[in-house]
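User: Hi! Could you walk me through this one with me? I'd like to start with charged pairs and then move on from there.

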Amino acid sequence: MTHFIDEQMMGEGMFEPVRFSGFPPIVDSMLSGNLEATFILAPLAMSLAERGKPIKVVYLGHRDGTALMVHKDSKIERIGDLKGKKIAFPSRYSNQYLILFKALDERGMSIDDIQTVEMPPPQMPAALAARGVDGIIAGEPIMAKTQLEDEKGNPGYGRVLFLTNQVWPEFISCVLAVRQDVIDTRRDDVQRLVDGIARSGLWLDSDKDTGMRHRMMAADFVSGPNYYNYDPKLLRFVLSTPIDRVKYTNLTVQRENFEEIEKYAKKAGVFQGKVKFEGYTDTTFVPTGRALKPWEWEGKK
Amino acid sequence: MTFGRAVLIGAVAWVSLITGLHAALNWGVFDSPPAGREARAPFRVGYLPVT
């Protein structure tokens with residue numbers, strides 16, 4: 001979104017968004033120097049830093065934006081009903097996997113009480129429709145896709161069991177990770193990117209109580225082929241139903257959030273704790289007291 | 001200069017002229033970079049189209 005608004009306001013986008021279809025090629029591109037920065041799963045970024053890869057988490061991409069979906073005809077009504085059920089999740093290095101640990105822990109259960117299956121998120125809606133799995137959990141808009149009528153007019157078949165904010169308030173999924181050499185040599189550019197993301201988030205929510213026009217505009221331009229390439233109707237639904245389904249504010253990197261991720265990442269066996277918060281984050285791009293304003297932009301030129 | 005040689009030189013000159021014009025007008029190979037972009041290295045940001 002920062003790229004799009006940058007282009008609209010300045011006539012050129014300083015940052016070049018590069019779309020991928022999976023996290024392994026993103027990691028390869030990042031480590032081989034073909035990306036200066038990337039949005040990446042928080043536990044994956046932490047794990048890479050722990051394995052000595054020179055990257056740092058400098059900001060968040062968003063908060064929440066994940067749901068656990070079950071089939072609308074399923075008898076699963078609450079988290080406790082997941083016992084013995086088969087749940088698909090995107091990656092062991094995703095917070096979507098870790099939130100299962102938290103949700104089950106808090107109900108006196110463990111991950112061993114459910115069957116878990118790793119599955120690429122784009123395959124999840126079909127698996128749920130065919131009842132090949134009992135539940136699916138991944139980032140939006142893929143989960144919402146199961147709730148809406150498809151392009152052939154077939155009705156939705158998914159039902160929300162929980163949104164992340166009902167289990168893990170201020171849930172973090174993707175973070176902005178930057179190569180250390182880029183932080184060292186292009187600090188001003190990283191700062192501009194962080195500020196741009198922050199201002200985009202503020203812009204999105206600056207009219208949320210008066211019609212959510214900005215969110216609807218964002219759904220329309222981000223749905224284009226240069227960005228998400230989804231049906232705008234789906235993105236409008238995700239950004240509004242309910243409005244806190246995904247949030248783009250409170251994106252600073254906070255120790256307590258990451259220490260909680262560490263706790264569940266250790267349980268999941270994807271993080272050993274050899275590197276502490278200071279070792280995998282750089283919080284200097286959001287100094288205390290720094291106040292930014294939303295973009296002053298109301299539509300395409 | 002023979003007639004054949006004159007035609008050859010003229011043809012080469014014509015093709016060179018057309019090639020140069022094409023490169024300049026269609027490819028912009030002689031254009032100056034826009035102000036402020038001369039030395040800017042790319043800043044590529046990876047993402048997946050999911051939240």
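User: Which residue forms a salt bridge with A:Glu260?

Analyst: A:Lys102 does, and the closest N and O atoms of the pair are 3.0 Å apart. Keep in mind that this is a predicted model.

User: Is A:Lys102 buried or exposed?

Analyst: A:Lys102 is buried, at a relative accessible area of 7%. A:Glu260 has 26% relative accessibility, so this residue counts as partly exposed.

User: Nice. Switching to the interface, how many residues of chain A are in contact with chain B?

Analyst: On the chain A side there are 39, and they are in contact with 13 residues of chain B. About 2,300 Å² is buried between the two chains, 58% of it on carbon and sulfur atoms.

User: And which salt bridge does the rule find across it?

Analyst: The rule finds one, between B:Arg44 and A:Glu36, with the closest N and O atoms 2.8 Å apart. Both residues belong to a network of salt bridges that also includes A:Arg179 and A:Asp181. The rule also finds 15 residue pairs in polar contact across the interface.

User: Which element gives the most to the side of chain A that touches chain B?

Analyst: That's strand 1 of chain A, with five residues. By type, that side of chain A divides into 21 nonpolar, 10 polar and eight charged residues.

User: In what sense do strand 2 of chain A and strand 1 of chain B pair?

Analyst: They pair in the parallel sense, over two bridges. B:Gly46 is the bridge partner of A:Thr38.

User: Last one: what about strand 5 of chain A, how many of its residues are buried?

Analyst: Six of its six residues are buried. Strand 5 of chain A pairs in the antiparallel sense with strand 8 of chain A over five bridges, and with strand 9 of chain A, also antiparallel, over five bridges. A:Val70 has A:Gly135 of strand 8 as its bridge partner, while A:Ala67 stands opposite A:Leu163 in strand 9.

Terms used: Residues are numbered from 1 along each chain as its sequence is written. Chains are lettered from A and ligands numbered from 1 in the order in which they are written. This is a predicted model: local features need pLDDT of at least 70, side-chain atom pairs count only at pLDDT 80 or more; totals for chains, interfaces and linings use all residues. Side-chain values use heavy atoms; hydrogens and water are left out. Contact means heavy atoms within 4.5 Å. Buried area is the accessible area (1.4 Å probe) that two parts lose on being put together, summed over both. A salt bridge is a side-chain nitrogen of Lys or Arg within 4 Å of a carboxyl oxygen of Asp or Glu. A polar contact is a pair of N or O atoms within 3.5 Å; within protein, one must be able to donate a hydrogen and the other to accept it, and residues adjacent in sequence count only if both atoms are side-chain atoms. Helices (H or I, at least four residues) and strands (E, at least two) are DSSP runs, numbered from the N terminus. Ala, Val, Leu, Ile, Met, Phe, Trp, Tyr, Cys and Pro count as nonpolar, Asp, Glu, Lys and Arg as charged, and the others, Gly among them, as polar. Two strands pair if DSSP finds at least two bridges between them. Buried means under 20% relative accessible area, exposed over 50%, partly exposed in between (1.4 Å probe, protein chains only).
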